[in-house]
Amino acid sequence: MYYTIGLLSLLALGCSAAPTDKNYFADLPKCSTEEDQLGECVKQLFNTLTPRLKDGNPELRIEPYEPLHLNRTSFQYSSGTVNGRITVRNAKIYGFSSNRAKEVSAKVNGDKVKLRFVTQMPKLNIVGSYKADMQVNQLQLKPKGEFNVTLLDVEATTVTDGEIYEKDGHRFFRLKNIDSKPKIKDLVIKANGIFADPELDKIALNVANQYWRDIYGIMLPETRQFWQPLMLRMFNEAFELVPIDQFLKE
């Protein structure tokens with residue numbers, strides 16, 4: 001979930017900064033809308049902007065994204081014997097500067113556009129504070145503390161449907177829907193405050209690190225209804241700020 005939101009935040013930074021100073025992006029290619037060329041061109045744009053925007057640009061008012069900051073986000077979870085809400089605060093995400101697009105395909109049909117991204121990065125580290133109110137069977141838990149999560153070999157496949165529209169004599173792009181499926185090779189969880197007894201914390205973390213694949217497989221789809229609309233809104237707020245004419249051939 002954090003990987004996906006962070007990825008879209010990165011793209012939003014690049015898009016919203018573009019109209020401020022075209023010279024900053026003057027060396028970027030202009031993409032043909034021919035399907036056999038568009039995907040490779042978008043891939044080149046992504047892989048060029050990712051490292052370039054890492055440290056931001058004060059003159060253009062581009063904020064650095066390494067680390068990426070998430071002030072607060074909450075998720076409701078309900079599945080089987082586990083129910084509750086988790087709130088994350090002051091989270092910092094490190095590692096997006098190494099994110100690269102491996103594959104990009106695009107299909108254009110009139111004003112309709114479909115994009116498929118496959119992106120990969122070797123490591124993603126997330127640190128912050130959390131607070132939860134959960135019920136596991138008949139046990140009521142209210143953990144609160146700090147967490148440090150490391151994801152290794154992160155690969156995400158993101159599919160989007162959108163449309164091109166005209167406004168004030170320029171062409172813009174907006175998304176109608178988006179679906180992202182991140183996969184990770186390994187995950188290491190560190191946290192405190194799960195239980196009042198530190199020894200119980202260690203036991204819980206050992207279980208979580210041993211069975212993280214099962215936990216991840218359950219949590220990702222269950223929380224989709226919360227983070228997917230957020231992704232769509234973030235994308236479209238960025239795209240409203242920049243006409244796509246400057247990235248497309250006449």
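R52 is partly exposed, with a relative accessible area of 25% (buried means under 20%, exposed over 50%, partly exposed in between, with a 1.4 Å probe and protein chains only). The side chain of R52 forms a salt bridge with that of D27, at 2.7 Å from N to O; a salt bridge is a side-chain nitrogen of Lys or Arg within 4 Å of a carboxyl oxygen of Asp or Glu. D27 lies in the loop between helix 1 (2-17) and helix 2, whereas R52 lies in helix 2, so the pair ties together parts that are 25 residues apart in sequence. D27 is exposed, at 54%. The model is predicted: local features need pLDDT of at least 70 and side-chain atom pairs count only at pLDDT 80 or more, while totals for chains, interfaces and linings use all residues. Residues are numbered from 1 along each chain as its sequence is written, and side-chain values use heavy atoms, with hydrogens and water left out.

Helices (H or I, at least four residues) and strands (E, at least two) are DSSP runs, numbered from the N terminus. In helix 2 (residues 35-52), the buried residues include L38, C41, L45 and L49. Seen down the axis, the buried residues of helix 2 fall within an arc of 165 degrees, so they line one face; the arc is that of the directions from the helix axis to the C-beta atoms. The face turned away carries the exposed residues D36 and E40.

A further salt bridge joins E163 and K176 (3.9 Å, N to O). E163 lies in strand 6 and K176 in strand 7, so the pair ties together parts 13 residues apart in sequence. E163 is buried at 10% relative accessibility, whereas K176 is exposed at 51%.

Methods:
The expected span of a helix is 1.5 Å times one less than its number of residues.
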